[in-house]
Amino acid sequence: MRIDSGVETWRVAGDASALHPAPEPAPGRAMHRPAEWRRHVLNLILIGLVGLFLFAPGISLMPLTDRDEALYVQASRQMLETGNWVDIRFQQEPRYKKPVGIYWLQGLSAKVFGEGAASPLWIYRLHSLVGALLTAFFTYAIAARMGGSKAGLIAGLLAASTVELAFEARIGKTDAMLCAMIVASQFGLACAYLDPQRRQVLWRNGLFWIALGLGTLIKGPVAPMIAGLTIIGLTATERNLSLIRALSPVRGVLVYLLVVLPWLAAIGWISKGAFFAQSIGHDMLGKVATGQEGHGAPPGTYLLVGLGTFWPLSIFASLAILWGWTRRTRPEVRFLFFWAAPAWLLFELIATKLPNYILPMMPALAALAGLALADKGLRTESRWFRFTYSGIAALGILLAIALNAVFYVSEHRPSWPGIALGCVLVLMSVAAWRLLVAHKMREGIAASILAAGLAYILAFAIILPGAERLWLTDRIADAAQKMINCPAPTILSVGYEEPSLVLRLGTGMQRLAADDAAAAFHRASCAFAAVRVEESASFQKSLLALGEVATPLQIVEGRNLNGFNLRQMQVYLKR
């Protein structure tokens, strides 16, 4: 097996630690390149098929989630309805917290694959599935460039199997596609770093700068930040600027600006600078200083969170870090370290913490695990390694129990299909652990990935779609659909602010305080109002002051996945 570091070529013989410089391949070896390309193509096809198994189940079944997905999808739908692809809005509120990239992707998906604004929800999620697949593909490319096709295959499959990427693949928001753009730019950067001549290669540099630009249009400075931290670390270690020169910085920055400046200039002009004030001043800097929206947590949180959100990769990665530390002077290991560690540390220091923030560092850990496993560096008899591998079984069992517990708490009854699949998940997770401990690494990795796939089918195709009381918005919308029989009703919500309600009940629905809602209800000839039980007395009192009496016709009860709080809504109808 050959590991081409880009600086010198090594041949691994027998034990993983026995490294000897290998001669450059003879010219006659060029005849083997077609076979190598076929291997890469077959591996990518395999990753794509496994990725669809991991990402697709449930994408059309799971209801709309609050709050980010609902905000993005509704804003994209309004963009299609109005034809304004520059100044994006949620109802009348400007969406200045994030750039335009995801709205454009969702709009293009709806136009090309759907029915425009009326497209079903899964069409608006399609870009996330594509982003998750691209993340796995580019993870393969990076690890294969560093350690061969075997390391790439392991890395790509482990990246695809992680909990966080599987969740983001099914949600219509930014993070899966952002991760894809970051890994694409890191692939270009890795190829430049591992090139012994540090040449200025057109395709490689074009990929790097264009991916950075697209990443900026998707979620602002995150992609340039991660690439910049990686470059700073590598350049400081080498104490020269050859890597920066290899990236064609002058032409590259011009390409980057060509991607991002047109929309930034347009939205800056239209918003009179409000976009920059809100996206940079309020959203980005606000999250650095304080834990926004109740998402504050102390430093070190992500080390614990990552064990669950990166499962099953997290088990292999925790061991691969030990393997990598003993080989930290190797260029490929150094690159992965400067990709993952500085950005991870920075996110640990930021006050606001969400699991998706560390997703762009996951592919670096997957590549490191791929290198270690291909190098047979994680096969050991130590008790610590055997104990760590038990995490595959422990977290698989925990997922099976927790998902079925969520269904029972929500619905007050068991899900028999969920219990059956949960039992299979437990058996597969235990089997993966036993195979890994028995040094059957190929079979153990395959079983781990299969266990992850079973967990995602259980979560996204059975438990979450089947737990009807988890989706209060859908229950309110179903009640409205059954009751309203006039062409242009006034639709009101009091005490329930989730943006998913706007998507389900229409852009014109109003979320108001009790007295304002009562006035709107009184003025309307046909109206539907969903009023939180705690606000119902104020709503009725305000109506009575206007000379109108209304009594609730129905109580709709349910939880919301965002917070899991039980709420009761009284339904009023005027016709």
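Mentor: A residue is called buried if its relative accessible area is under 20%, exposed if over 50%, and partly exposed in between, with a 1.4 Å probe and protein chains only. This is a predicted model, in which local features need pLDDT of at least 70 and side-chain atom pairs count only at pLDDT 80 or more, while totals for chains, interfaces and linings use all residues. Residues are numbered from 1 along each chain as its sequence is written, and side-chain values use heavy atoms, with hydrogens and water left out.

Trainee: Why is His40 called buried?

Mentor: The relative accessible area of His40 is 15%, and the limit for buried is under 20%, so His40 qualifies. His40 belongs to helix H1 (residues 33-55); helices here are DSSP runs of H or I with at least four residues, strands are runs of E with at least two, and both are numbered from the N terminus. Contact means heavy atoms within 4.5 Å, and His40 has such contact with Tyr140, Ala144 and Ser149, leaving aside neighbours within four places in sequence.

Trainee: What makes Leu202 exposed?

Mentor: Its relative accessible area is 77%, and exposed requires over 50%; Leu202 therefore counts as exposed. Leu202 is placed in helix H8 (residues 202-219).

Trainee: Why is Cys423 called partly exposed?

Mentor: Cys423 has 44% relative accessibility, which falls between the limits of 20% and 50%.

Trainee: What makes H7 largely enclosed by the rest of the structure?

Mentor: Of its 19 residues, 19 are buried, so H7 is largely enclosed.

Trainee: Why is the pair Glu69 and Arg125 called a salt bridge?

Mentor: The term requires a side-chain nitrogen of Lys or Arg within 4 Å of a carboxyl oxygen of Asp or Glu. The closest N and O atoms of Glu69 and Arg125 are 2.6 Å apart, and the pair meets that limit. Glu69 lies in helix H2 (residues 68-82) and Arg125 in helix H4 (residues 121-147), so that the pair links distant parts of the chain, 56 residues apart. Both Glu69 and Arg125 are buried.

Trainee: How many salt bridges does the structure hold?

Mentor: There are 15. One of them pairs Arg469 with Glu557, whose closest N and O atoms are 2.6 Å apart. Arg469 is in the loop between helix H19 (441-466) and helix H20 (472-483), and Glu557 is in strand E9 (residues 554-559), so this pair ties together parts that are 88 residues apart in sequence. A further salt bridge joins Arg504 to Asp474, with closest N and O atoms 2.8 Å apart. Arg504 is in helix H21 (residues 500-505) and Asp474 in helix H20, 30 residues apart.

Trainee: How do you know that Cys486 and Cys526 form a disulfide?

Mentor: A disulfide is a pair of cysteine sulfur atoms within 2.5 Å. The S to S distance of Cys486 and Cys526 is 1.8 Å, and the pair is accordingly a disulfide. A search of the whole structure finds one.

Trainee: Why is the link of Cys486 and Cys526 called left-handed?

Mentor: The angle about the S-S bond is -70°, and the link is classed as left-handed. Cys486 occupies the loop between H20 and E6, whereas Cys526 occupies the loop between helix H22 (514-523) and strand E8 (527-532), 40 residues apart.

Trainee: Why is Cys179 too far from Cys191 for a bond?

Mentor: The sulfur of Cys179 is 17 Å from the closest cysteine sulfur, that of Cys191, whereas a disulfide requires sulfur atoms within 2.5 Å. Cys179 counts as buried, at 1% relative accessibility.

Trainee: What makes E9 and E10 paired strands?

Mentor: Two strands pair if DSSP finds at least two bridges between them. E9 and strand E10 (residues 566-574) have six, in the antiparallel sense. Arg559 stands opposite Leu566 in E10. The two strands form a hairpin with six residues between them, and Gly563 in the turn has a positive phi of about 105°.
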